[in-house]
Amino acid sequence: MHVHRRTHFGISESQVTEEHIWRARRLFLQKSALSGAALLGSSLLSRHVLSKPSPPESYAGLDFKKLAAKDKVTEFKAITTYNNFYEFGTGKDDPAKYAHTLKTTPWTIEVSGACHKPGTFDVRTLAPKKQWEERIYRLRCVEGWSMVIPWLGIPLAPLLKRFEPTGNAKFVQFETLYRPNEMPGQKRAVLDWPYVEGLRIDEAMNPLSFLALGLYGKTLPNQNGAPLRLVVPWKYGFKSIKSIVRISFAEKMPITSWVKASPKEYGFYSNVNPQVPHRRWSQKRERRIGEFRKHETLMFNGYGDYVADLYQGMDLKKYF
Amino acid sequence: MNSKRLQKALRGALYILNFAPGIVLAGRFLLHDLGPNPIEEVLLYSGFWALVLLLCTLSISPLVKIFALGWLMPTRKWFGLGAFFYATCHLLFYLALDQELNLDWIVEDVLDRWFIFLGSGAFLLLLPLALTSNKMMLRRLGAKTWQKLHLLIYPGTFLALLHFYFKKAAKNDDQEPLIYLGIFVLLIAWRLLRKLKRK
């Protein structure tokens, strides 16, 4: 068995120590919120959210810092060395070993389909750093493990609205870069490249839906989906598509990569649901990376208050 | 160095090969070098070595017969026992670490998941071989019965390989299991051809 000492994810050891600074800052914010003396500092995040142009109604009262308040944030090293990113290989440690070859600048995103303002946009103009906010979300992989990740980025809904989707836009389809020279895993036909994911338009417009460009206070490492990836925390991890180059508004439900590969095992919705077992993994429980005992898996990964309405009247055993 | 001593040295090396993965694993455990998901890592690692040593076991008699390497024969038993050792570790890691010795979880897992069912079957087929591996049992059973019993290594290995295949196929990652299945098919094909020629 291999023992890896080298890491190539563009982050030096000295930068990794920032985790302590990040944790210290988080502790400070929590303490200052408790004392009530530093209201200004602690409300930094909610101010950001509220100052967004025309936020959806449901934003009000949503405190993204509190979403994962009970959870211990997973270590930076685990988040950046234990990845499923088949474009760089099927091993959990492959992305951290091989993703350094990916060139993320320049990076453009092509927007097309049922919208009034399609076009090709530079990622820096779509999501400038000064607009980034932090979201601490649980991530539940379909394989039965989970993490808690402090993402940096922008909410998805306001961005999508800038392209002015038409009434025909019932779904949003996302596509990952296809560049086998830089993504060695694409040389094997493990999946039908490029990777495709999708959301129903109301799921995409949900305030939880997020585009991450960073984590732990810094720019996203390549193996985590740089420069821009989706984060939909109430769905299994594979829905949160990485290194996005194409967004299109569609009338019909996109055929996503895993559905295409195995329609009996993977559904379009793929909401975290302990009642619907996978043929290979029980979905009742999960192992939180960094912990010894398993947790019970929660319906919608614990985000039911924010997303359960989206599926009212739907048989989630059928639409798994 | 005369050839007898060389053979002895080579046999010794193969003997040690059985222990090496276990020693490496213990070392990695002590050095906290099992990665972000240590339970998954020890499961994959022990399962991997059980499979590799099973294929080693099945490779010995073809090697002996093709290249007239009679002195290799004793290593077959070591490889067989080595494979069983890692398979037992694999099972214990699964029961204790992955399933936390929770009987309800285990029963559900074995019945609901095809690959777990196959893995359990593989272990049950290999168990009697390990129990009858000593000379005393050989004598008690008689060579004929003993040999017949030990034919169980073929279905046992096949189920173990299927167990690995169906586990990996879930994420379309079937390259590695297909390589092992290919080796297994070659080893079986050689035996069948030899039997046909003899007739």
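## Salt bridges overall

Over all chains, the count comes to 27 salt bridges. A salt bridge here is a side-chain nitrogen of Lys or Arg within 4 Å of a carboxyl oxygen of Asp or Glu. The model is predicted: local features need pLDDT of at least 70, side-chain atom pairs count only at pLDDT 80 or more, and totals for chains, interfaces and linings use all residues. Residues are numbered from 1 along each chain as written, chains are lettered from A in the order written, and side-chain values use heavy atoms, without hydrogens or water.

One salt bridge joins A:Lys239 and A:Glu197, with the closest N and O atoms 2.8 Å apart. This pair links distant parts of the chain, 42 residues apart. A:Lys239 sits in the loop between β9 (229-231) and β10 (244-250) of chain A, and A:Glu197 in strand β6 (residues 196-200) of chain A. Strands (E, at least two residues) and helices (H or I, at least four) are DSSP runs, numbered from the N terminus.

Chain B and chain A bury about 2,600 Å² between them, 48% of it on carbon and sulfur atoms. Buried area is the accessible area (1.4 Å probe) that two parts lose on being put together, summed over both. The contact (heavy atoms within 4.5 Å) takes 25 residues from chain B and 35 from chain A. In chain B, B:Pro36, B:Lys171 and B:Asn172 lose the most area to chain A. Together they make up 25% of what that side buries.

Between the two chains there are 5 salt bridges. B:Asp98 and A:Arg287 meet in a salt bridge through their side chains (3.4 Å, N to O). On the chain B side, α2, α3 (73-98), α4 (103-112) and α8 (153-169) each supply at least two residues that touch chain A. α2(B) gives the most, with 5 residues. By class, this side of chain B has 9 nonpolar, 4 polar and 12 charged residues. Ala, Val, Leu, Ile, Met, Phe, Trp, Tyr, Cys and Pro count as nonpolar, Asp, Glu, Lys and Arg as charged, and the others, Gly among them, as polar.

## Two helices of chain B

Helix α2 (residues 38-67) of chain B also meets helix α1 (residues 3-30) of chain B: their axes come within 10 Å and cross at roughly 170°. Axes are lines fitted to C-alpha atoms, for helices over the stretch in contact, and angles run from 0 to 180 degrees between N-to-C directions. α1(B) and α2(B) are therefore roughly antiparallel (over 145 degrees) to each other.

Residues of α1(B), including B:Pro21 and B:Leu25, meet residues of α2(B), among them B:Tyr45 and B:Trp49. By class, this contact has 7 nonpolar, 1 polar and 2 charged residues.

Note on methods:
Angles under 35 degrees count as roughly parallel, over 145 as roughly antiparallel, 65 to 115 as roughly perpendicular and the rest as oblique.
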